[in-house]
Amino acid sequence: MRFMTYVARAAIVAVWAATTPCPASAQELRPELTQTAVTYRGEHRWAWQSEDGETGTLRLGFTAVPSGDYLVAGSLLLDDAELGASGSARWRGDRLIVDLTVSGGVRAQAPDEAKQRLFAKGEVPKQIDSAGFATFRAELSTALDGVSQQYQTNVVTGGKAQGPIYRNGTLKLLSR
């Protein structure tokens, strides 16, 4: 009987929620937010190098929002993977601070040296799959060169975890 009471209450709440009027769009919630207040600001590319020698290319597109911050999306291209990147950026004095979540993986790739160390000697597969994520912070000068900090973890074939890893890096602007 108690179960039926909970089901009846849940049904009443569901009907109430379905019939309660709500704004049809974000425009109604914030009338000052119009499409013209959000502006694409272009794409930039950087050469990235970590302190342990890994290299890649960071490509980001910037969209200005009314608050003065930027929405950021793009990719981090490494030797064996292209990872999706999204986040936000803001100017703090003469520094552009970019905070990203970077995620992705590889499928059927030969394991690099770091991933080989996850397996017992003689048990390293010829190919592995890998998926992971990183939080990535860049601090860029007005010339848009700068430094990065990264916290990452990966899981590879067989449930082997690589990380967490913390490392610093550098970013050198390639194009505007």
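**Exercise 1. Work out what share of the contacts between residues at least 6 apart in sequence join residues at least 24 apart.**

Solution. Start with the contacts in this predicted model between residues at least 6 apart in sequence. Now pick out those that join residues at least 24 apart: they come to 44%. For some background, the protein has three helices and eight strands, and from the N terminus on they run α-α-β-β-β-β-β-α-β-β-β.

**Exercise 2. Decide whether Gln-162 is buried or exposed, and find what is around it.**

Solution. First, locate the residue: Gln-162 sits in strand β8, which covers residues 160–175. Next, check its relative accessible area, which is 9%. Buried means under 20%, so Gln-162 counts as buried. Then look for partners, skipping neighbours within four places in sequence: Gln-162 touches Ala-114, Lys-115, Leu-118, Thr-153 and Asn-154. Finally, zoom in on Lys-115: its side chain and that of Gln-162 are joined by a polar contact of 3.4 Å.

**Exercise 3. Classify the aromatic pair of Trp-46 and Phe-62, and say which parts the pair ties together.**

Solution. Begin with the geometry: the ring centres of Trp-46 and Phe-62 are 6.4 Å apart, and the planes make an angle of 65°. Planes over 60 degrees apart count as edge-to-face, so that's the label for Trp-46 and Phe-62. Now place the residues: Trp-46 belongs to strand β1 (residues 39–50) and Phe-62 to strand β2 (residues 55–64), so the pair ties together parts 16 residues apart in sequence. Trp-46 and Phe-62 are both buried.

Key: Residues are numbered from 1 along each chain as its sequence is written. This is a predicted model: local features need pLDDT of at least 70, side-chain atom pairs count only at pLDDT 80 or more; totals for chains, interfaces and linings use all residues. Side-chain values use heavy atoms; hydrogens and water are left out. Helices (H or I, at least four residues) and strands (E, at least two) are DSSP runs, numbered from the N terminus. Buried means under 20% relative accessible area, exposed over 50%, partly exposed in between (1.4 Å probe, protein chains only). A polar contact is a pair of N or O atoms within 3.5 Å; within protein, one must be able to donate a hydrogen and the other to accept it, and residues adjacent in sequence count only if both atoms are side-chain atoms. Contact means heavy atoms within 4.5 Å. Rings of Phe, Tyr and Trp (its six-membered ring) pair if their centres lie within 6.5 Å; planes under 30 degrees apart count as stacked, over 60 as edge-to-face and the rest as tilted.
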